[in-house]
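The sequence and structure are shown first.

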Amino acid sequence: MLTVKWQIKRFNELSTLELYSLLQLRSEVFVVEQNCVYQDIDGKDEKAIHLLGELDGILVAYARMFQPNDYFEQASIGRVIVKPSHRELKLGHDLMYHAINAIKEKFGETKITISAQLYLKKFYQSHGFVPTSEMYLEDDIPHIEMKRN
């Protein structure tokens, strides 16, 4: 049985190695795998709380969460990611469970807005999110706004 170690940290609590690992993972997927040149280091990490999922000392899952009005009017989750080499473990569902709970615990919020890649619409719907916009392009990738009340 695999046991993922889940941690929630503010930006100033991240070690240098943790910051390096999460930026490396985000680059591996959002820049290289998705072949999308964009500014991942966007100045918002300092406001976010960071959810890190480690397995055997390797960062395999990550998301960042924001308080209301830091990104959207409602609390939000973004940069949801599972390491490609570990996707067969289906960690995305655990990641979302922990991210939603972190928003409840840290911010006292249950209403959440996300900007989801369109191909993941059903995945997010399985976590209680409903589409609230038409498709739009973000960094040339189809997205849709979704909300969870």
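The sections below describe a predicted model.

## Helix H1

Helix H1 covers residues 16-33, which is 18 residues. At Ser27 the helix bends by about 30°. After H1 comes Asn35, with a positive phi near 50°.

The residues of H1 that are buried are Glu18, Leu22, Leu25, Arg26, Val29 and Phe30. These buried residues pack against five strands: S1 (5-10), S2 (49-55), S3 (58-66), S4 (75-82) and S5 (112-117).

## The largest pocket

The largest pocket holds about 880 Å³ of space. Its lining is made up of 38 residues, and those closest to the centre are Phe30, Val80, Gln117, Leu120 and Tyr124. Two or more lining residues come from each of H1, S3, S4, helix H2 (91-107), S5, helix H3 (121-125) and strand S8 (141-148).

S4 contributes the most to this lining, with 7 residues. Sorted by class, the lining of the largest pocket has 19 nonpolar, 10 polar and 9 charged residues.

## The second largest pocket

The second largest pocket has a volume of about 190 Å³. It is lined by 13 residues, with Leu17, Ser21, Gly57, Ile58 and Leu59 nearest its centre. H1, S2 and S3 each provide at least two of the lining residues, and H1 gives the most, with 6. By class, the lining of this pocket divides into 5 nonpolar, 4 polar and 4 charged residues.

Conventions: Residues are numbered from 1 along each chain as its sequence is written. This is a predicted model: local features need pLDDT of at least 70, side-chain atom pairs count only at pLDDT 80 or more; totals for chains, interfaces and linings use all residues. Side-chain values use heavy atoms; hydrogens and water are left out. Helices (H or I, at least four residues) and strands (E, at least two) are DSSP runs, numbered from the N terminus. The expected span of a helix is 1.5 Å times one less than its number of residues. The bend at a residue is the angle between axes fitted to the seven residues ending there and the seven starting there. Buried means under 20% relative accessible area, exposed over 50%, partly exposed in between (1.4 Å probe, protein chains only). Contact means heavy atoms within 4.5 Å. On a 1 Å grid over the protein atoms alone, a cavity is a set of points where a 1.4 Å probe fits but cannot get out, and a pocket is an open set with protein on both sides within 12 Å along at least five of seven lines; lining residues have an atom within 4 Å of a point. Grid points are joined across faces, edges and corners, and a volume is the space filled by probe spheres set on the points. Ala, Val, Leu, Ile, Met, Phe, Trp, Tyr, Cys and Pro count as nonpolar, Asp, Glu, Lys and Arg as charged, and the others, Gly among them, as polar.
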